[in-house]
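Here is a short report on one protein model. Read it with the sequence and the coordinates open.

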Amino acid sequence: MKRTIFYLGMAFGALLLAVPSGCYYDNEEDLYGPVQTCDTVSVSYSGFILPLLQNHCYKCHKPSEPLFSGYVLEGYDATKAYATSGKISDRTNNVANPMPPLSEGGLLPDCDRQKILAWIRAGAPNN
Ligand code: HEC
């Protein structure tokens, strides 16, 4: 009998110890997934801008493509001209009339757009 009471006591004690650790604490990572960071430091033309243009823009902005729009974004010089005129940032952040166009999925992910802006603000370097 004493033994049973002892074991019951132990079990109850263990339960009391276990409960607090079972409490639920909200934290950003559980709620929203891993915290997203966007690295906009030293965005380069060759490492980021060119591959992005090739994947999302050349289809309509490279003269040899069948869907060519008449506006050339192929090559550094053409891209730089559109970047420094403000047209690339205008259109890549234009919710109503975005580039890529709505038919192509519309605005690029936020981090991509931040990187484009960072590159333009750095003077659209050929790096
Ligand atoms: C499906 C084809 C298509 C894709 C993909 C596309 N564009 Fe365009 N873009 C066009 C067409 C057509 C025009 C001309 C009509 C207009 O301004 O909406 C244009 C116009 C532009 C202009 C304005 C040019 C000017 O002088 O007014 C910019 C800047 C531009 N696009 C940038 C981009 C960028 C940057 C991307 C990729 C992130 C992109 N476009 C992807 C079809 C496309």
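Buried means under 20% relative accessible area, exposed means over 50%, and partly exposed lies in between, with a 1.4 Å probe and protein chains only. By that scale Ser42 is exposed, with a relative accessible area of 67%.

This is a predicted model: local features need pLDDT of at least 70, side-chain atom pairs count only at pLDDT 80 or more, and totals for chains, interfaces and linings use all residues. Residues are numbered from 1 along each chain as its sequence is written, and side-chain values use heavy atoms, with hydrogens and water left out.

## Fold and surface

The protein has seven helices and zero strands. Helices (H or I, at least four residues) and strands (E, at least two) are DSSP runs, numbered from the N terminus. The order of elements from the N terminus is α-α-α-α-α-α-α.

Of the 127 residues in the protein, 22% are buried. The accessible surface is about 9,000 Å², and carbon and sulfur atoms hold 59% of it. Such areas come from the Shrake-Rupley method with a 1.4 Å probe; for residues, only the protein chains shown count as cover.

A contact means heavy atoms within 4.5 Å. Among contacts with a separation of 6 or more, 48% come from residues 24 or more positions apart.

## The disulfide

How many disulfides does a search of the whole structure find? The search finds one. The criterion is a pair of cysteine sulfur atoms within 2.5 Å. Cys38 and Cys111 form the link, with their sulfur atoms 2.1 Å apart. The link of Cys38 and Cys111 is right-handed, with 90° about the S-S bond. Cys38 sits in the loop between α2 (28–32) and α3, and Cys111 in helix α7, so the pair ties together parts that are 73 residues apart in sequence.

Cys38 is partly exposed at 25% relative accessibility. Cys111 is also partly exposed, with a relative accessible area of 25%. Cys57 counts as buried, at 13% relative accessibility.

## The largest pocket

The largest pocket holds about 470 Å³ of space. Its lining has 24 residues, and the closest to the centre are His61, Leu73, Ile88, Arg91 and Met99. Two or more lining residues come from each of α3 (45–56), α4 (58–61), α5 (76–84), α6 (87–92) and α7 (110–121).

The method uses a 1 Å grid over the protein atoms alone: a pocket is an open set of points where a 1.4 Å probe fits, with protein on both sides within 12 Å along at least five of seven lines, and lining residues have an atom within 4 Å of a point. Grid points are joined across faces, edges and corners, and the volume is the space filled by probe spheres set on the points.

The lining divides into 15 nonpolar, five polar and four charged residues. Here Ala, Val, Leu, Ile, Met, Phe, Trp, Tyr, Cys and Pro count as nonpolar, Asp, Glu, Lys and Arg as charged, and the others, Gly among them, as polar.

## Backbone exceptions

Most residues other than glycine have a negative phi, and most peptide bonds are trans. A cis peptide bond joins Met99 and Pro100, with omega about -5°. Pro100 lies in the loop between α6 and α7.

Ser42 has a positive phi, near 40°. Ser42 belongs to the loop between α2 and α3. Ala124 has a positive phi of about 50°. Ala124 lies in the segment after α7 and is buried, at 0% relative accessibility.

## Pairs across the chain

| Pair | Apart in sequence | C-alpha distance |
|---|---|---|
| Gly86 and Leu117 | 31 residues | 9.8 Å |
| Leu53 and Gly75 | 22 residues | 9.7 Å |
| Lys80 and Ile120 | 40 residues | 8.4 Å |

Gly86 is in the loop between α5 and α6. Gly86 is buried, with a relative accessible area of 17%.

Leu53 is in helix α3 and is buried at 5% relative accessibility. Not counting residues up to four places away in sequence, Leu53 touches Tyr58, Leu73 and Thr79.

Lys80 is in helix α5 and counts as partly exposed, at 31% relative accessibility. Not counting residues up to four places away in sequence, Lys80 touches Gly123 and Ala124.
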